[in-house]
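Subject: Structure handover

Hello,

My notes follow below it.

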Amino acid sequence: MFAAETNGAAVPLKTCLKTHPLHQVRSAGTASSACVKVSEKGIQWVDMILVMEKRHKEILQVKFCNWILNKEIIVLSIPDEYNYMDPELVTILEQHWKSIVE
């Protein structure tokens with residue numbers, strides 16, 4: 001699962017990786033305005049959670065403390081300030097993903 005404040009930043013990683021044969025990616029937002037919000041069901045589905053910023057991890061720890069106990073959460077340290085499918089963000093996310101799965 002990839003979490004950001006809204007799905008605008010989360011969707012690019014999902015889009016870039018949807019054809020990857022070994023990994024399935026879902027995106028969700030931590031904000032109440034997100035189209036798809038992080039949920040207990042979504043967290044149960046994943047092995048690993050990637051977040052843009054430390055504050056996203058902190059939100060998950062508060063809202064879903066019992067559900068994330070055995071989940072690996074990786075903070076990418078990418079400012080959550082990019083527009084939807086921003087080419088720079090897509091490049092950054094692809095680089096992070098490659099370093100995680102290799």
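Where is the place of Val38? Val38 lies in the loop between strand 2 (27-29) and helix 2 (40-45). Helices (H or I, at least four residues) and strands (E, at least two) are DSSP runs, numbered from the N terminus.

Before the rest, the ground rules. This is a predicted model: local features need pLDDT of at least 70, side-chain atom pairs count only at pLDDT 80 or more, and totals for chains, interfaces and linings use all residues. Residues are numbered from 1 along each chain as its sequence is written, and side-chain values use heavy atoms, with hydrogens and water left out.

**Overall layout**

The protein has four helices and four strands. Along the sequence the pattern is β-α-β-α-β-α-β-α. Of the 102 residues, 41% are buried (under 20% relative accessible area; exposed is over 50%, partly exposed in between; 1.4 Å probe, protein chains only). Take the contacts (heavy atoms within 4.5 Å) with a separation of 6 or more: residues 24 or more positions apart account for 65% of them.

**Strands 3 and 4**

Strand 3 (residues 48-51) pairs with strand 4 (residues 72-75) in the parallel sense, over four bridges. Pairing requires at least two DSSP bridges between the strands. Met48 has Glu72 as its bridge partner in strand 4. Between the two strands the chain passes through helix 3 (residues 54-63), and this β-α-β crossover is right-handed. That is, with the strands pointing away from the viewer, the path from the first strand over the helix to the second runs clockwise.

**Cores**

A nonpolar core is a set of buried Ala, Val, Leu, Ile, Met, Phe, Trp, Tyr and Cys residues joined through side-chain atoms within 4.5 Å. The largest has 10 residues, including Val38, Ile49, Phe64 and Ile73. Another core, of nine residues, lies apart from it; Leu50, Met52, Ile74 and Ile78 are among them. Ile73 touches Ile49, Val51, Lys57 and Ile68, leaving aside residues up to four places away in sequence.

Val38 counts as buried because its relative accessibility is 11%. Its C-alpha atom is 9.5 Å from that of Lys63, 25 residues apart along the chain.

**Local details**

Is Ser77 buried or exposed? Ser77 is exposed, because its relative accessibility is 62%. Ser77 sits in the loop between strand 4 and helix 4 (87-101). Its phi is positive, about 55 degrees, although Ser77 is not a glycine.

The charged end of Arg26 sits over the ring of Trp45, 3.6 Å from its centre. The criterion is NZ of Lys or CZ of Arg within 6 Å of the ring centre and within 35 degrees of the ring normal.

Best wishes
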